[in-house]
Amino acid sequence: MQTINANGYSVYFNETIYNYLNETLLPEHYSKVFILADSSTSELCLPDFIANLATETPIEIIEFEAGEQFKNIETCYEIWSALTELGADRKSIILNLGGGVVTDLGGFVASTFKRGIEYINIPTTLLAMVDASIGGKNGVDLGNLKNQIGTITTPKAVLIDTHFLTTLPQNEMRSGLAEMLKHGLIQDKDYWDKFKMLSSLNTEDLDILIHQSVEIKNNVVLQDPTENGIRKALNFGHTLGHAIESYFLENDDKKSLLHGEAIAVGMILESYLSMEKNLLSKEEYQEIKYIISDIFEPVDFDKTDIEKITELLIHDKKNEFGKVQFALLDGIGKIKINQFVTNDLINSAFEDYKN
Ligand code: NAD
Ligand code: MG
């Protein structure tokens, strides 16, 4: 699969990645190579990864506990300290081997250690391959506030080895799939159409879809690296999706949803809003609802849930003039940003979702 050029770095795929690494990690260029992994990827991905590395540069491994709850400044402190103890200098490089938590946290650690050292992302979840590892945004959470602290610093390269997906649990696969569906809906109708035959796709087809998804995200980022305009297209499904994700996370009576599971519901609801704003036809809306509902389990919402989720939306920092702002679909494959929607319409979207 062809290498994709991003802003100042490239994304390499499968058969090319170890050649790239072995040609890059030369002792004359780097003093030490640090591999950052979490407790799952160190067990499931690291052995294969190390076996393919053939570099004479000394390698050190740093590990932290898996999970979003460890994506915080305390973990960074431990990693900055470990780097110091293990003799990292400005010529050291960090390889982030893991899902979005590892690539977000590792990118932030690298971009701040000694005012910034190089790093390479090696995403091991579908979500990190098609989304989190691309674009240069990194960061950590501050208490309940997601990604509150961070920088935009591009990696030296992103290396996607889809073989890592063989150990990824199904629900984590679906979570990444939600972002791929989003890429089709906001940018590319032909790409979206391929998901109509999802059950008949083999791993080779999936590899091609991953490659195309990276191309779509990368194109959006290239047009708007600092998120002033069109990059907001990537927020489709996320305005309501984030509110739903936070609500389920903070509510002890509810089973929390993975990011992609919440975004899947958010995309159905926001497609309804697009239809009601006469941007999307009824047939297109029904098709979107049908395809997403076929992949993701339905989520139950009662009246109180909907009220609370709408309250969370009102506090969204993206709002202007007290109104909630959305990126809505302007037909499948196109987006219209900065759209305002009333609370009544949001309520109707939830009512329609339940039926
Ligand atoms: P994650 O990194 O927590 O990975 C999910 C789980 O899968 C973890 O337990 C992990 O250890 C495990 N895992 C990873 N690779 C595996 C493999 N190959 N086999 C088996 N298990 C494996 O979560 P994620 O869904 O990858 O990423 C979510 C994070 O990404 C969030 O923190 C989110 O904020 C961030 N994100 C960032 C951006 C960005 O632009 N920077 C974009 C989207 C998401
Ligand atoms: Mg997302």
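The paragraphs below go through the domains, the surroundings of the ligand and the packing of several helices.

This is a predicted model, in which local features need pLDDT of at least 70 and side-chain atom pairs count only at pLDDT 80 or more, while totals for chains, interfaces and linings use all residues. Residues are numbered from 1 along each chain as its sequence is written, and chains are lettered from A and ligands numbered from 1 in the order in which they are written.

The chain is divided into domain 1 (4-167) and domain 2 (182-354), with bounds that come from an automatic or database domain assignment. Taken over C-alpha atoms, the centres of the two domains are separated by 28 Å. In the contact between them, 13 residues of domain 1 meet 13 residues of domain 2; two residues are in contact if their C-beta atoms, placed from the backbone, lie within 7 Å. On the side of domain 1 that touches domain 2, strand E2 (10-13) and H6 are the elements that give two or more residues. Helices (H or I, at least four residues) and strands (E, at least two) are DSSP runs, numbered from the N terminus. H6 gives the most to this side of domain 1, with four residues. By class, this side has nine nonpolar, three polar and one charged residues. Here Ala, Val, Leu, Ile, Met, Phe, Trp, Tyr, Cys and Pro count as nonpolar, Asp, Glu, Lys and Arg as charged, and the others, Gly among them, as polar.

The shell holds 32 residues, the closest being Ser40, Gly99, Gly100, Thr125 and Ala132. A residue is near the ligand if its C-beta atom, placed from the backbone, lies within 6 Å of it. The shell has 10 nonpolar, 14 polar and eight charged residues.

H7 also packs on H11: their axes come within 7 Å and cross at roughly 35°. Axes are lines fitted to C-alpha atoms, for helices over the stretch in contact, and angles run from 0 to 180 degrees between N-to-C directions. The crossing of H7 and H11 is left-handed, meaning that the near helix is turned anticlockwise from the far one by less than a right angle; clockwise would be right-handed. Among the residues in this contact are Arg174 and Leu177 of H7 and His259 and Ile263 of H11.

H11 (residues 259-276) has two further helix partners to follow here. With H12 (residues 282-295), the axes come within 9 Å and cross at roughly 170°. H11 and H12 are therefore roughly antiparallel; angles under 35 degrees count as roughly parallel, over 145 as roughly antiparallel, 65 to 115 as roughly perpendicular and the rest as oblique. The residues of this contact divide into eight nonpolar, one polar and two charged.

With H14 (residues 343-354), H11 packs at an angle of about 120°, the axes being 9 Å apart. That makes H11 oblique to H14. Their crossing is right-handed. Val265, Ile268, Leu269, Tyr272, Leu273 and Glu276 in H11 meet Leu345, Ala349, Phe350, Asp352 and Tyr353 in H14. This contact has nine nonpolar, no polar and two charged residues.
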